[in-house]
Amino acid sequence: METLKLLRDYFPTAVFTGRSLVFISEDWRVELTEHKETDFSRSSAEPSIIRVRISKKAIEGDFIPGHYEDFQLALLGELAEQIEKYVQHAIGRNIKEF
């Protein structure tokens with residue numbers, strides 16, 4: 001959760017639910033969740049995996065899960081930059097403006 005808390009500062013329009021970082025607009029929902037490596041034989045220095053899930057709102061009003069991508073970058077600035085670029089290309093909108 002530490003990485004999500006740090007990303008919350010980079011994405012001020014996001015809502016931190018305690019479990020995930022969520023961006024919602026009229027047509028889209030973007031959710032970031034943090035996953036730790038469970039292989040204890042590996043070094044603990046590996047960065048967390050941040051999964052970015054993108055859902056589009058259907059005509060009925062429900063969000064339909066779309067695609068997702070996992071990011072595992074050690075530098076927070078680079079991680080935030082790549083997530084922002086990914087979401088912007090996927091939905092055609094900057095998530096800082098949600």
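Biologist: In what order do the elements of the protein run from the N terminus on?

Modeller: They run α-β-β-β-β-β-α. Please keep in mind that this is a predicted model. In total, the protein has two helices and five strands.

Biologist: And how much of the protein counts as buried?

Modeller: Of its 98 residues, 35% count as buried. The protein exposes about 6,300 Å², and carbon and sulfur atoms supply 49% of that area.

Biologist: What share of the contacts joins residues 24 or more positions apart?

Modeller: Among contacts with a separation of 6 or more, such pairs account for 43%.

Biologist: Let me turn to the helices. How should I read the way two helices pack?

Modeller: The general idea is that two packed helices are described by the angle between their axes and the distance between the axes. Here, helix α1 covers residues 2-10 and helix α2 covers residues 76-91. They pack at an angle of about 65°, and their axes are 10 Å apart. That angle makes α1 roughly perpendicular to α2.

Biologist: Which residues make the contact between α1 and α2?

Modeller: From α1, look for Thr3, Leu6, Leu7 and Tyr10. From α2, the contact is made by Leu76, Leu79, Ala80, Glu81, Ile83 and Glu84.

Biologist: Is the crossing of α1 and α2 left-handed or right-handed?

Modeller: α1 passes α2 in a right-handed crossing.

Biologist: Now for charges. How many salt bridges does the structure hold?

Modeller: There are three. As a general idea, side chains of opposite charge can pair when their charged atoms come close. Let us begin with Asp70 and Arg51, whose side chains meet in a salt bridge with an N to O distance of 2.7 Å. This pair links distant parts of the chain: Asp70 belongs to strand β5 (residues 63-71) and Arg51 to strand β4 (residues 49-57), 19 residues apart.

Biologist: Is Asp70 buried or partly exposed?

Modeller: Asp70 is partly exposed, as its relative accessible area is 34%.

Biologist: Where are the other salt bridges?

Modeller: One joins the side chains of Arg29 and Glu31, at 3.9 Å from N to O. Arg29 counts as partly exposed at 25% relative accessibility, while Glu31 counts as buried at 13%. Another is formed by Glu34 with Lys36, where the closest N and O atoms are 4.0 Å apart.

Biologist: Why does Glu34 count as buried?

Modeller: Buried means under 20% relative accessible area, and Glu34 has 10%, so Glu34 is buried.

Biologist: How many residues apart along the chain are Phe63 and Trp28?

Modeller: They are 35 residues apart, with their C-alpha atoms separated by 7.5 Å. Phe63 lies in strand β5 and counts as partly exposed, at 29% relative accessibility. Leaving aside neighbours within four places in sequence, Phe63 is in contact with several residues, including Ile24, Ser25, Trp28 and Ser55.

Biologist: You mentioned Ser55. What does Ser55 touch?

Modeller: Not counting residues up to four places away in sequence, Ser55 touches Asp27, Trp28, Arg29, Phe63, Ile64, Pro65 and Gly66. Ser55 is found in strand β4, and its relative accessible area of 11% makes it buried.

Biologist: Could we finish with a loop residue? Where is Gln72 found?

Modeller: Gln72 is found in the loop between β5 and α2. It is partly exposed, with a relative accessible area of 36%. Gln72 and Ile50 are 22 residues apart in sequence and, C-alpha to C-alpha, 6.4 Å apart in space.

Biologist: Which residues is Gln72 in contact with, leaving aside its neighbours within four places in sequence?

Modeller: Those are Glu46, Pro47, Ser48 and Ile49.

Key
Residues are numbered from 1 along each chain as its sequence is written. This is a predicted model: local features need pLDDT of at least 70, side-chain atom pairs count only at pLDDT 80 or more; totals for chains, interfaces and linings use all residues. Side-chain values use heavy atoms; hydrogens and water are left out. Buried means under 20% relative accessible area, exposed over 50%, partly exposed in between (1.4 Å probe, protein chains only). Helices (H or I, at least four residues) and strands (E, at least two) are DSSP runs, numbered from the N terminus. Contact means heavy atoms within 4.5 Å. Accessible areas come from the Shrake-Rupley method with a 1.4 Å probe; for residues, only the protein chains shown count as cover. Axes are lines fitted to C-alpha atoms, for helices over the stretch in contact, and angles run from 0 to 180 degrees between N-to-C directions. Angles under 35 degrees count as roughly parallel, over 145 as roughly antiparallel, 65 to 115 as roughly perpendicular and the rest as oblique. A crossing is left-handed if the near helix is turned anticlockwise from the far one by less than a right angle, and right-handed if clockwise.
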